[in-house]
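Here are my notes for you to read alongside the model. I have kept them as numbered points so that you can check each one by eye.

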Amino acid sequence: CVGRDFATRDPSATREHLLTRPTQRSQLKRWIEELKRKLDAAFPADAYMSETHLRFMKALITRKSSALTPKALADAFDELESHSFISAAQAADLISTLQSSNDNLDYKYYHVICSRVIDKWNMTSTA
């Protein structure tokens with residue numbers, strides 16, 4: 001429908017065609033939803049850092065932004081012991097908090113945070 005005859009097409013027919021035809025985007029969306037459901041089943045919410053611990057980490061980052069080294073951040077995670085694993089969304093939240101208080105982040109901060117993310121491959125890989 002792109003090209004010369006696009007202008008001659010009936011807009012309602014084009015709309016109907018687009019609404020009833022499964023698109024790659026909708027197929028991808030269904031695939032992502034299914035993948036999320038499987039990962040949620042494999043890693044229940046209690047496997048990740050609780051909201052209380054996440055707020056603690058964000059407050060620590062905000063309070064000590066200029067003095068917080070990557071080592072100190074890693075130590076703070078280690079002190080939480082079994083509560084030190086995070087989801088990708090929680091990692092993005094912590095990185096955003098770090099970026100808001102420091103324009104020029106050392107790559108080591110990213111490594112500290114991202115190495116705590118639980119995902120299917122970290123938990124099941126035998127490599």
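1. A term to begin with: buried stands for under 20% relative accessible area and exposed for over 50%, with partly exposed in between (1.4 Å probe, protein chains only). You are looking at a predicted model, where local features need pLDDT of at least 70 and side-chain atom pairs count only at pLDDT 80 or more, while totals for chains, interfaces and linings use all residues. Residues are numbered from 1 along each chain as its sequence is written, and side-chain values use heavy atoms, with hydrogens and water left out.

2. The overall picture is helical: the chain has 7 helices and 0 strands, in the order α-α-α-α-α-α-α along the sequence. Helices here are DSSP runs (H or I, at least four residues), strands are E runs of at least two, and both are numbered from the N terminus.

3. Of the chain's 127 residues, 24% are buried. The accessible surface is about 9500 Å², with 55% of it belonging to carbon and sulfur atoms; these areas come from the Shrake-Rupley method with a 1.4 Å probe. Taking contact as heavy atoms within 4.5 Å, residues 24 or more positions apart supply 72% of the contacts with a separation of 6 or more.

4. Please have a look at helix 4 (residues 70–79), where Pro70, Leu73, Ala74, Ala76 and Phe77 are buried. They sit on the same side of helix 4 because they cover an arc of only 155 degrees around the axis, the arc being taken over the directions from the helix axis to the C-beta atoms. The buried residues pack against helix 3 (51–63), helix 5 (88–101) and helix 6 (107–114). On the face turned away from that buried side are the exposed residues Lys71 and Glu79. Just after helix 4, glutamate 81 has a positive phi of about 50 degrees.

5. How do helix 3 and helix 5 meet? Their axes come within 9 Å and cross at roughly 20 degrees, the axes being lines fitted to C-alpha atoms over the stretch in contact, with angles from 0 to 180 degrees between N-to-C directions. The two helices are therefore roughly parallel, a label for angles under 35 degrees. The contact involves Glu51, Leu54, Met57, Lys58, Ile61 and Thr62 of helix 3 and Gln90, Asp93, Leu94, Thr97, Leu98 and Ser101 of helix 5.

6. Finally, glutamine 90 in helix 5 is buried, with a relative accessible area of 9%. Leaving aside neighbours within four places in sequence, glutamine 90 is in contact with Tyr48, Met49, Glu51, Leu54 and Phe85.

Conventions:
Angles under 35 degrees count as roughly parallel, over 145 as roughly antiparallel, 65 to 115 as roughly perpendicular and the rest as oblique.
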